Amino acid sequence: MVVYEGKSYEEISERAAQIVASELIVKPNAVLGLATGSSPVGMYKQLVKWNQEGKIDFSGVTTVNLDEYKGLGPDDDQGYRYFMNENLFDHVNINKEHTYVPNGLEPDSDKACREYDELLSRVGRQDIQVLGLGGNGHIGFNEPDTKFCKGTHCVRLAESTIKANARFFNSPEDVPTEAYSMGIKGILAARKILVIVSGAQKAQALYDIAYGPITPGVPGSALQLHDQVIVLADPEAMSVIRSKGR
Ligand code: F6R
C-alpha cells in the first residue's frame, strides 16, 4: 500500500483524477469501479472537466458502483444511482447502459446480490476501483463485523454510518438502514485500488487500515492483502499516521 500525502483535498482530487484518466488513456474500454459520498466528488469534477475539454474519453468505459441503499431507486435524489448521474454520468460521454449500480429497488436481497455478482463476473475485473473510507474503517458498505463478506450482500448499516450519512438526508430517521454492497472479494478483484481519504474524522481509520492488524473489525484492513493500493490522503487524514511517526 502506497500512502501519498497531498497538500489539500483539491490536490488529492486532482491526483486521483490523473490516476483514473491514465487508466482511460491506456485502456479506452476500461472497467472502472466507482464510489459515492463526499470523497470522490472533487475527482469527478476534474474528470468531467477533462472530458468536456476533449482530453479523456468515456465512450468505451464500463462502470460498476460499490453500493446502493436498499429501497432507493434511480429517481431518489439520495440514492447512489442519482448521485452518479449528477456527479459524473450526466456530464461525460459515457454510455449509461454500461454503468451499473446494485438494484436498490429489488426487495429480495438474495436476488439483488446474486444478480449483482453475476453482473460483476460478466463485466470482468475492475481495472481500477475507487474507494472512500468510513470513519469506522468500512469500505463500500462492508461494516465492521466478525467476518469478511466475500460477495455482494445486504448490510445493516452501522449507527455511525447512518449518523455520518444523515447529512445527505432531511433527518437521521430518513437514512435507509440497509444497503446492498459489493463484498471484500469483489473489491480486491480490482487490478488497482485507489483510496481517497480526507479529514481528521478519518485519521484513525486510515492508520488502522494501513498499519493495523488485518481484521474484519476494520474492513479496510483487507486492502493490505492487495499489492496495488494507492491511498491519497490530505494532511488532516494523515494526522494519526504522522503522530505515530510513520
Ligand atoms: C460510498 C461508499 C462508502 C463511502 C464512505 C466514505 O459508495 O461505499 O464506503 O466511500 O462511507 O464516505 P464519504 O466520502 O462521504 O466520507
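Here's a quick briefing on the pocket, the nonpolar cores and a few helices and residues of this structure. Keep in mind that the model is predicted. The largest pocket comes in at about 670 Å³, and the largest nonpolar core has 32 residues.

**The largest pocket**

- The volume is about 670 Å³, and 31 residues line the pocket.
- If you want to find the centre, look for Gly37, Ser38, Asn165, Arg167 and Phe168, the lining residues closest to it.
- By type, the lining splits into 17 polar, 10 nonpolar and four charged residues.
- Strand β4 (67-69) and helices α3 (80-87) and α5 (159-165) each put at least two residues into the lining.
- Helix α5 gives the most, with four residues.

**The nonpolar cores**

- In the largest core, the residues with the most contacts inside it are Leu131, Ile187, Ile193, Val195, Val197, Leu206 and Leu223.
- At least two residues of this core come from each of α4, α6 (184-188), β9, α7 (203-211), β10 (229-233) and α8 (239-243).
- Helix α7 has the largest share of this core, at five residues.

**Helix α7 and Leu206**

- The buried residues of α7 are Ala203, Ala205, Leu206, Tyr207, Ile209 and Ala210.
- Their cover includes β9, β10 and α8.
- Setting aside residues up to four places away in sequence, Leu206 touches Leu133, Val197, Val231, Ala233, Ala237, Met238 and Ile241.

- Buried in α1 you'll find Ile12, Ser13, Ala16, Ala17, Ile19, Val20, Ala21, Glu23 and Leu24.
- The cover over those α1 residues includes β2, α2, β6, β9 and β10.
- Helix α2 (41-52) has 12 residues and reaches 17 Å from first C-alpha to last, close to the 16 Å expected.
- In α2, the buried set is Gly42, Met43, Tyr44, Gln46, Leu47, Val48, Trp50 and Asn51.
- What covers the buried α2 residues includes α1 (9-26), β2 (31-34), α3, β6 (128-131) and β9 (193-197).
- After α2 comes Gly54, with a positive phi near 80°.

**Two buried residues to look at**

- Glu106 sits in the loop between β5 (99-100) and α4 (109-123).
- Glu106 has a relative accessible area of 12%, so this glutamate counts as buried under the 20% cut-off.
- Beyond its neighbours within four places in sequence, Glu106 is in contact with Lys70, Lys111, Ala112 and Tyr180.
- Val229 belongs to strand β10 and is buried, with a relative accessible area of 2%.
- Again leaving out neighbours within four places in sequence, Val229 is in contact with Met1, Val2, Ile193, Val195 and Leu223.
- Val229 and Val3 are 226 residues apart in sequence, yet their C-alpha atoms are 8.5 Å apart in space.

Methods. Residues are numbered from 1 along each chain as its sequence is written. This is a predicted model: local features need pLDDT of at least 70, side-chain atom pairs count only at pLDDT 80 or more; totals for chains, interfaces and linings use all residues. Side-chain values use heavy atoms; hydrogens and water are left out. On a 1 Å grid over the protein atoms alone, a cavity is a set of points where a 1.4 Å probe fits but cannot get out, and a pocket is an open set with protein on both sides within 12 Å along at least five of seven lines; lining residues have an atom within 4 Å of a point. Grid points are joined across faces, edges and corners, and a volume is the space filled by probe spheres set on the points. Ala, Val, Leu, Ile, Met, Phe, Trp, Tyr, Cys and Pro count as nonpolar, Asp, Glu, Lys and Arg as charged, and the others, Gly among them, as polar. The expected span of a helix is 1.5 Å times one less than its number of residues. Buried means under 20% relative accessible area, exposed over 50%, partly exposed in between (1.4 Å probe, protein chains only). Contact means heavy atoms within 4.5 Å. A nonpolar core is a set of buried Ala, Val, Leu, Ile, Met, Phe, Trp, Tyr and Cys residues joined through side-chain atoms within 4.5 Å.
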